[in-house]
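Work through these exercises with the structure open. Each task is followed by a stepwise solution.

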Amino acid sequence: MDSQHTGRPAEDRHVPVLLDTSVQLLVPALREPGAVHVDATLGMGGHAAAVLHAAPEAHLVGIDRDPQALVLARERLDREGVGERATLVHATYDRIPEVLADLGLPGAHGVMMDLGLSSFQIDTAERGFSYSVDAPLDMRMDTASDGPTAADLLRDLPEAELARILRDLGDERFAKRIARRLVAQREIAPLTRSGELVDLLEQAIPAASKASGGHPAKRTFQALRIAVNEELEILASAIESALDSLHVGGRIVVESYHSGEDRLVKTAFTRRTRSSAPPGLPVELEEHKPTFSPLVRGALQADDAERGTNSRAASVRLRALTRTRSVERAH
């Protein structure tokens with residue numbers, strides 16, 4: 001996608017993945033008047049709008065770290081006639097408890113997390129997310145922040161750390177080779193634009209791999225984006241915050257697109273759905289029973305039809321839980 005499409009309305013620019021499935025999983029928890037649904041990764045509001053249409057008694061608390069996303073989502077929700085039931089907040093999604101507290105809300109009945117990059121962020125060429133358009137190497141989801149850009153990381157990080165980021169966050173087989181090239185290049189002139197990085201990657205990755213592994217820049221751009229925005233660190237905290245914020249009977253749906261994301265989600269969900277009783281205990285006491293129960297078996301994937309019409313659906317993993325009991329807090 002390129003910047004010429006940025007004038008289109010949100011609903012024409014982004015097709016939510018597993019939309020019907022996620023709505024069906026969330027709506028049973030949102031039927032009562034005053035039910036609170038938190039969309040923690042609001043984006044352009046596709047999932048949020050569908051939930052509000054399907055759950056007419058629910059109120060949305062939409063969170064996004066990208067100010068541009070909040071503007072687009074507000075326009076969409078108002079256009080679809082559900083905006084009066086939506087409160088939008090600029091924050092990272094690990095701040096769900098603080099956001100709810102600031103609004104005077106004791107908790108949530110539904111939580112949605114659709115992780116990764118929004119289509120409009122790729123659409124906006126000057127953000128530097130896309131390897132198909134030459135732009136400054138920024139990649140910050142919140143451009144108002146003073147955090148490091150992708151260009152900063154490429155200029156400042158040691159070679160071993162660059163290799164680790166590319167390997168762990170991008171599943172890049174040639175991480176060491178690329179990191180070595182990056183360090184050699186910055187001795188001449190630091191990379192500042194996405195086109196320069198793409199050219200370097202074209203040279204660093206062997207021709208045989210380029211022929212079969214998709215665009216040679218895809219994995220590196222993914223890894224840098226995750227690192228710049230500290231996505232995995234924030235996600236680890238956000239999942240725990242979201243689970244703690246749910247009322248009994250509340251539901252959470254998380255869609256992941258990267259193995260590191262899904263691993264964090266799976267680990268947190270597994271911990272909450274297992275008994276904490278010591279091995280060999282003859283009777284499971286109430287306080288040892290799991291606090292959550294799975295709504296789907298393992299992780300759902302998109303079917304072939306959706307994969308054929310929505311490129312983002314190819315790698316999605318959806319996991320969902322419902323809260324079965326509360327935890328007594330020590331006083």
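**Exercise 1.** Over the ring of which residue does the charged end of R312 sit?

*Solution.* Start with the ground rules. This is a predicted model, in which local features need pLDDT of at least 70 and side-chain atom pairs count only at pLDDT 80 or more, while totals for chains, interfaces and linings use all residues. Residues are numbered from 1 along each chain as its sequence is written, and side-chain values use heavy atoms, without hydrogens and water. Next, apply the test: NZ of Lys or CZ of Arg must be within 6 Å of the ring centre and within 35 degrees of the ring normal. The ring belongs to Y257, and the charged end of R312 is 4.3 Å from its centre.

**Exercise 2.** Find the order of the strands in the open sheet.

*Solution.* Strands are DSSP runs (E, at least two residues), and helices are runs of H or I with at least four; both are numbered from the N terminus. Two strands pair if DSSP finds at least two bridges between them. The seven strands come in the order 3-2-1-4-5-7-6, with mixed pairing. Strand 3 (86–90) and strand 6 each have a single partner, so one side of each lacks a neighbour in the sheet. Now take one pair. Strand 1 (36–39) and strand 2 (59–64) run parallel, joined by four bridges. H37 has L60 as its bridge partner in strand 2.

**Exercise 3.** Describe how helix 14 packs on the sheet.

*Solution.* Contact means heavy atoms within 4.5 Å. Helix 14 touches strand 5, strand 6 and strand 7. Its direction makes about 25° with that of strand 7; axes are lines fitted to C-alpha atoms, for helices over the stretch in contact, and angles run from 0 to 180 degrees between N-to-C directions. Then check burial (buried is under 20% relative accessible area, exposed over 50%, partly exposed in between; 1.4 Å probe, protein chains only). The buried residues of helix 14 include V265, A268 and F269.

**Exercise 4.** Classify the aromatic pair of Y131 and F221.

*Solution.* Rings of Phe, Tyr and Trp (its six-membered ring) pair if their centres lie within 6.5 Å; planes under 30 degrees apart are stacked, over 60 edge-to-face, the rest tilted. The count comes to one aromatic pair. Y131 and F221 are 5.8 Å apart centre to centre, with 80° between the planes: edge-to-face. Y131 is partly exposed because its relative accessibility is 29%. F221, at 3%, counts as buried.
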